[in-house]
Amino acid sequence: MTELEKARDGINKIDKKMAELFEERMNLVVNVADYKKKNGMPIFDSSREKQVIERCVGYIKNLNLQPYYVQFIQDLMDISKKYQHKLLEGAKIAYSGIEGAFANIAAKKIFPDGVLIPYADFQSAYESVEKGDCDLAVLPIENSFAGEVSQVTDLMFTGKLYVNGVYSMSVTQNLLALPGSKLQDIKTVISHPQALDQCATFIRDHNLESKSASNTARAAKEVADMGDSSIAAIASLETAKLYGLEVIQEKINENSSNTTRFAVFSKVKENVINSEDYSTFILMFVVKNESGSLVKALSAISNNGYNMRVVKSRPLKNSQWEYYFYVEAEGKISSEAGQKMIKDLEDKCKMLKVLGSYNLHTDQIK
């Protein structure tokens, strides 16, 4: 046997072992895909891929081979993602609105392989997951200009679902009308109340009458159906294409950095307090009716080393002049400090709910 034949024989034996290991690895990918589906997690996670590459490259002692191995691992992860896409086809994703609504756009970007199911309102979409009709729900929780989406915050407090991801999406509002319409023809604009708030300056400057709709996409469809050139919708560019409208003016929202945060809701609690992969968590609680109770509760969070990014209150619907509190804080709640914080809060609150964990910087959608 020549040296070439010996080398090829060795490569063939290694290829056989690699094929067996590849199959073993892909079988584990099935478990990963199932976990991501149940927990409302996207297939692509840039921070996770970076960790894998940094760890794996350390296994290669020959420095000349390291860049080649990085490419090998990257290609392997790309194959894994393709397989996960195939496995996740058919997951039912609830959202509020119709095609072209910002929640529809967000859901499509987060779960490109999912079957998107529209619902008339936030509560119906949320309850579809509680009932098991859908696997996950994508709902807006806050806008950088108009503030919190109070109906969804209340659902988070009263409902049974958990937040397994929070994603920020840049939102651009546009003036849409029937083809051939001119800006000077427009007398009335229709949109969701938050969109109207975001474009209040434009509406005021052009002396327009405003009318509320359940969401921006429904507003666009309503304008298309009415056939009145004096009425326009404020909505996404996608809805103009969907409903045959013309873009009269783009980017009419007052704040150019307008961003909406969307949460992914699921019935799964598993990763809420046990995962080491998440850097931010959400708590909701009701304090005891005692002097200094709120200060004590917030101190229980800060004294255990957590930085509170968001603190807000909402009235309890069934108890006059009482409130529940919503907190988002940075840090791993699965840590020893996190477990101590939970115990401290349980002692100081008459109700405590650990709502979810997510990554603050990596879970973005473009």
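Helices and strands here are DSSP runs, a helix having at least four residues and a strand at least two, and they are numbered from the N terminus. With that in mind, begin with the whole chain of this predicted model, whose secondary structure comes to 13 helices and 15 strands. The C-alpha trace spans about 90 × 65 × 40 Å along its principal axes, and of the 366 residues 45% count as buried.

Select helix H1, residues 3-39, and find isoleucine 14 in it. Isoleucine 14 counts as partly exposed because its relative accessibility is 47%, and together with Met18 and Phe72 it forms a nonpolar patch on the surface, the three having about 270 Å² of accessible area together. Staying in helix H1, move on to valine 30, which is partly exposed with a relative accessible area of 32%. Once neighbours within four places in sequence are left aside, valine 30 is in contact with Tyr83 and Leu87; the C-alpha atoms of valine 30 and tyrosine 83 are separated by 8.4 Å, although the two residues are 53 apart along the chain.

Next, select glutamate 148 and lysine 312, which form a salt bridge whose closest N and O atoms are 3.5 Å apart. Glutamate 148 belongs to strand S4 (residues 147-148) and lysine 312 to strand S13, so that the pair links distant parts of the chain, 164 residues apart. Which of the two categories, buried or exposed, does lysine 312 fall into? Lysine 312 is buried, because its relative accessible area of 16% is under the 20% cut-off, whereas glutamate 148, at 25%, is partly exposed.

Then bring up glutamate 330 and arginine 309, whose side chains meet in a salt bridge at 3.8 Å, N to O. Because glutamate 330 lies in strand S14 and arginine 309 in strand S13, this pair ties together parts that are 21 residues apart in sequence. Both residues are partly exposed, glutamate 330 at 31% relative accessibility and arginine 309 at 36%.

Two loops come next, each with a residue whose backbone deserves a look. Most residues other than glycine have a negative phi. Tryptophan 321, in the loop between strand S13 (307-315) and strand S14 (323-330), has instead a positive phi of about 65 degrees, and it is exposed, with a relative accessible area of 69%. Lysine 251, in the loop between strand S10 (246-249) and strand S11 (259-266), likewise has a positive phi, near 50 degrees, and counts as exposed at 61% relative accessibility.

Finish with helix H12 (residues 293-302) and helix H13 (residues 336-348), which pack at an angle of about 175 degrees with their axes 9 Å apart, and which are therefore roughly antiparallel. To display the contact, select Lys296, Ala297, Ala300 and Ile301 of H12 along with Met341, Asp344, Leu345 and Lys348 of H13. Aspartate 344 also forms a salt bridge with lysine 340, the closest N and O atoms being 3.1 Å apart, and these two residues both lie in helix H13, four residues apart, or about one turn of the helix. Aspartate 344 counts as buried at 17% relative accessibility, while lysine 340, at 48%, counts as partly exposed.

How values were computed. Residues numbered from 1 in each chain as written. Predicted model: local features only at pLDDT ≥ 70, side-chain atom pairs only at ≥ 80, totals over all residues. Heavy atoms only, no water. Patch = residues over 30% accessible without salt bridge, like charges linked within 9 Å, V, L, I, M, F, W, Y side chains within 5 Å. Areas by Shrake-Rupley, 256 points an atom, 1.4 Å probe, with all protein chains shown as cover. Salt bridge = Lys/Arg side-chain N within 4 Å of Asp/Glu carboxyl O. Buried < 20%, exposed > 50% of the residue type's maximum accessible area, 1.4 Å probe, protein only. Axes fitted to C-alpha atoms, helices over the stretch in contact; angles between N-to-C directions. Parallel < 35°, antiparallel > 145°, perpendicular 65-115°, else oblique. Contact = heavy atoms within 4.5 Å.
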